[in-house]
Amino acid sequence: MKIAVVGKGGAGKTTTSAVLARSLARQGREVVALDCDTNPNLGISLGVGDLETERLVSLREQLDDGDVEHAADWDEILDRFGTDGPDGVRLGVITRIENPDPG
Amino acid sequence: MLSSGEFGTSIVVADLEAGIGTLSRLGDSQVDLTLVVVEPTPRSLDVGRRAIDLARENKQGRVIVVVNKVVDVETDLALVREKLGDAELVVVPDDDAVLDADRAGTALLDHAPDCPAARALVELVDLVFDSAA
Ligand SMILES: Nc1ncnc2c1ncn2[C@@H]1O[C@H](COP(=O)(O)OP(=O)(O)OP(=O)(O)O)[C@@H](O)[C@H]1O
Ligand SMILES: [Mg+2]
């Protein structure tokens with residue numbers, strides 16, 4: 001199941017995404033939370049802290065700048081550019097989710 | 001990119017960029033559920049309206065509108081109904097605990113798990129798996 005969270009700036013997308021992701025995880029489901037915002041802060045709302053959120057964002061920037069190699073698939077992306085958050089939610093910071101390929 | 005993913009049995013929750021840009025560039029049928037988050041204001045509802053239309057047009061699954069920061073249920077929902085018609089709605093109250101959690105840099109579920117906004121958002125889970133699509 002894939003869920004997209006959309007809306008005007010400041011409407012509450014990130015708050016909604018974070019609570020939903022963790023609530024689903026608490027039901028025992030495997031949950032991947034993807035922060036697709038150009039100004040990523042889902043990590044903070046999920047509760048991974050601002051340091052870890054910053055680390056993921058800068059990793060992501062290195063990837064976008066071509067400083068590091070692209071990942072081949074989702075699992076690799078989440079392993080290299082993701083983190084494990086509270087309640088077992090896996091968080092990935094993603095740019096250009098609309099592109100056909102991961103990376 | 002979403003469809004290329006082998007997420008297996010995982011549930012993916014994608015927090016998209018503000019506005020409808022990403023949604024408009026996403027291919028058809030990329031998600032099973034689109035949560036359209038709106039505030040009960042004309043400008044927010046305009047974006048919400050466009051997001052709903054786009055999601056339906058591009059077959060992004062079921063659409064649920066999260067009406068956030070609701071202060072007065074009656075007047076706020078009247079405006080939402082006027083702008084969004086008969087869309088499926090979830091109401092989340094305006095709640096200072098959300099701001100407090102943000103200020104503290106913490107998760108709402110850690111900061112104030114029993115606050116009205118958190119309770120309303122947690123209930124979304126039941127709707128997600130409700131087959132009434
Ligand atoms: N139910 C609520 N009651 C009061 N304040 C809220 C509520 N939901 C969100 N907020 C506040 O509104 C602001 C925006 O929330 P949030 O970051 O979740 O929105 P967003 O749609 O992700 O924003 P952006 O477009 O910047 O990514 C935050 O300051 C948050 O504390
Ligand atoms: Mg956000």
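Residues from chains A and B surround ligand 1, so the site is shared between chains.

**Confidence**
- Chain A averages a pLDDT of 88, with 92% of the residues scoring at least 70.
- For chain B the mean is 94, and 94% of its residues reach 70 or more.
- The complex gets an ipTM of 0.95 and a pTM of 0.94 from the predictor.

**Around the ligand**
- Ligand 1 has 18 residues around it (a heavy atom within 4 Å), and the closest are K13(A), T14(A), T15(A), N68(B) and D102(B).
- By class, that shell holds seven charged (Asp, Glu, Lys, Arg), five nonpolar (Ala, Val, Leu, Ile, Met, Phe, Trp, Tyr, Cys, Pro) and six polar residues (the others, Gly among them).

**Polar contacts (N or O pairs within 3.5 Å)**
- A polar side-chain atom of T15(A) sits 2.6 Å from an oxygen atom of ligand 1.
- G12(A) puts a polar backbone atom 2.9 Å from an oxygen atom of ligand 1.
- G10(A) has a backbone N or O atom 2.9 Å from a ligand 1 oxygen atom.

**Ground rules**
- Residues are numbered from 1 along each chain as its sequence is written, while chains are lettered from A and ligands numbered from 1 in the order written.
- In this predicted model local features need pLDDT of at least 70, side-chain atom pairs count only at pLDDT 80 or more, and totals for chains, interfaces and linings use all residues; side-chain values use heavy atoms, leaving out hydrogens and water.

How values were computed. A polar contact is a pair of N or O atoms within 3.5 Å; within protein, one must be able to donate a hydrogen and the other to accept it, and residues adjacent in sequence count only if both atoms are side-chain atoms. pLDDT is the predictor's confidence in each residue, from 0 to 100.
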